[in-house]
Amino acid sequence: MRWTVFAFFAYVFLALDTGLRPMLQIGESGYAPSFALILMVWIASMGPTHAVRWAALVLGLLVDLLAQYSTVDGRATIVAGPYALGFVLGAALTIQLRSLVYRKHPLITGLLTAVAGACAFVPAIFLLTMRRVVYAGLDSEHVIIWAASDQLVHAFWTVLYSAVIAVPAGWMLNRVSGLFGFQSHPRLGLPR
Amino acid sequence: MNHASPNRSFYTAAAAMLIACFLPAGFTNWLGGRLGELTIPLSAPLEKLSLAVRAVPKSLDRENPEFVKLANKNKEQEVRIYNLEARAASLQRKLERLQELKETDPSFRPVSAYRVAESLGKSDLFKISLGSLSGVRVGMLAYHQGYQLLGRVSAVSPRSATVTPITSRAFGPISAMVVSSDGNLAASTKCTLEPVGDGTLVGDVGRNSQDEASPVRVGQRVVYYDTDVRQLNTGPIIGMIEKVVPKDQNPLWVTITVRPEENLADVSVVDLKIPRAVASDGGDH
């Protein structure tokens, strides 16, 4: 996998995440698709296993660094790690599933996004909830304002919306897949 | 054996991420602030486009010709009324702005920043185009058009800052004052409003002994109550009362629902008041 191409697409997809949200969110609900998740799933369905794991970790970490949580002292804080680990788990599931499906079909990208998204978001929410519990126990002023049930509902709609957007996005990414330099297995057609 | 080393480095990185989940956020705040600034060149035009698209009114597609005819007629009437109302509102705002500028403390410098990015995840936080280099500090209040209270700065990096809007639950309780219709300070009532997450704020207000029949009415203005605000009518506005519900348990109190005059989700320009001393220290750009 060409890492410069990955870096370029990661930059563009993260900018889409942070910039297009007001336009794409449904009403005032705040439900918006995650382009970073779509990119992670698409790379996980196409790339070599070892590179996919690192790509998922990096993408998840970038999502962590661009997500801010309000704390009880009125500040906004960033927590590194939850989405990095969540994306790694999501990528691992995609790697397991990709040999069962026709990966180049755009609908499959949508389907994999739904499944892998759930696998990525639930552990991330669990870790953030654990962090909240630990900090609340320490009576710290850096406790994040956080309701796990709200977050799960939000994650459900985000994953569903991302799966819908993943269909055209997957089609577009399939057009430019040559840029990533993925190598197929000579006999099976699977990534090395 | 060949893959042992790469695997080990990956698992080490994953373990580091797990530990990082529970670490204090000092370094990650710094790193995230820099990364956010890196994405601004691309996210800012996308954000501008998004806000412009949101501003386009959604047109209704009706097929019934009679309905279309009546709707068009109604539209013409509405447009006339809207134009008159808009003109009145515009003049009112100009007057308020002038009053505010007249009362503004000269030790503060008003600046405007653009909304350039949204925070990822489930939050209403957004980023603006000015940061600590321009004198922006955590805790500063953000306004829209100089008079509508928009939110509070909750994080700062050199060239961008994060704003928590007043309608976000994360903003917390807000001290406010319901301004009486005639602007009489003595008849105005203090209250505490709490954002509920649907774009409104809710709070309980005690009945005023001077006007027992209808102490608080729909349409009354609610302003931010702060000891620094010297004159009530020039303080930042939180919004207008859109609902008043009597409290069953206590007849001396009513619950009010306040909605900001502007839809804060669509605001693209944010005003801040920078202390002149801070601005000169921070190396304004």
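Predicted model: local features only at pLDDT ≥ 70, side-chain atom pairs only at ≥ 80, totals over all residues.
Q: Which way does the crossing of α1(A) and α4(A) go, left-handed or right-handed?
A: That crossing is right-handed.

Q: Which residues make the contact between α1(A) and α4(A)?
A: From α1(A) come A:F6, A:A10, A:L14 and A:T18, and they meet A:A55, A:L59, A:L62 and A:L66 of α4(A). Sorted by class, that contact holds seven nonpolar residues, one polar and no charged ones.

Q: Why is α3(A) called roughly antiparallel to α4(A)?
A: Helix α3 (residues 35-46) and helix α4 (residues 49-66), both of chain A, pack at an angle of about 175 degrees, and their axes are 10 Å apart. Over 145 degrees counts as roughly antiparallel, so α3(A) is roughly antiparallel to α4(A).

Q: What kinds of residues does the contact of α3(A) with α4(A) have, by class?
A: The tally is 11 nonpolar, no polar and no charged residues. On the α3(A) side you'll find A:A36, A:L39, A:M40, A:I43 and A:A44. Facing them in α4(A) are A:V52, A:A55, A:A56, A:L59, A:L62 and A:V63.

Q: How do you know that the reach of α1(A) is close to what's expected?
A: Take its 17 residues at 1.5 Å a residue, and the expected span is 24 Å. From first C-alpha to last, α1(A) reaches 24 Å, close to that value.

Q: Which residues of α1(A) are buried, and what covers them?
A: The buried ones are A:F6, A:F9, A:A10, A:F13, A:L14, A:A15, A:L16, A:D17, A:T18 and A:G19. To count as buried, a residue needs 20 or more other C-beta atoms within 10 Å of its own. Their cover includes α2, α3, α4 and α8 (177-180) of chain A, along with α2 (26-55) and β1 (108-118) of chain B.

Q: How many residues are in contact between chain A and chain B?
A: 46 residues of chain A are in contact with 48 of chain B. By class, the chain A side has 27 nonpolar, 12 polar and seven charged residues.

Q: What does the secondary structure of chain B come to, and what share of its residues count as buried?
A: Chain B comes to four helices and 12 strands. Of its 285 residues, 33% count as buried.

Conventions:
Residues numbered from 1 in each chain as written. Chains lettered and ligands numbered in written order. Axes fitted to C-alpha atoms, helices over the stretch in contact; angles between N-to-C directions. Helix = DSSP H or I, 4+ residues; strand = E, 2+ residues; numbered from the N terminus. Parallel < 35°, antiparallel > 145°, perpendicular 65-115°, else oblique. Contact = placed C-beta atoms within 7 Å. Nonpolar A, V, L, I, M, F, W, Y, C, P; charged D, E, K, R; others polar. Left-handed = near helix turned anticlockwise from the far one by under 90°. Buried ≥ 20, exposed ≤ 12 C-beta atoms within 10 Å, placed from the backbone. Expected span 1.5 Å × (residues − 1).
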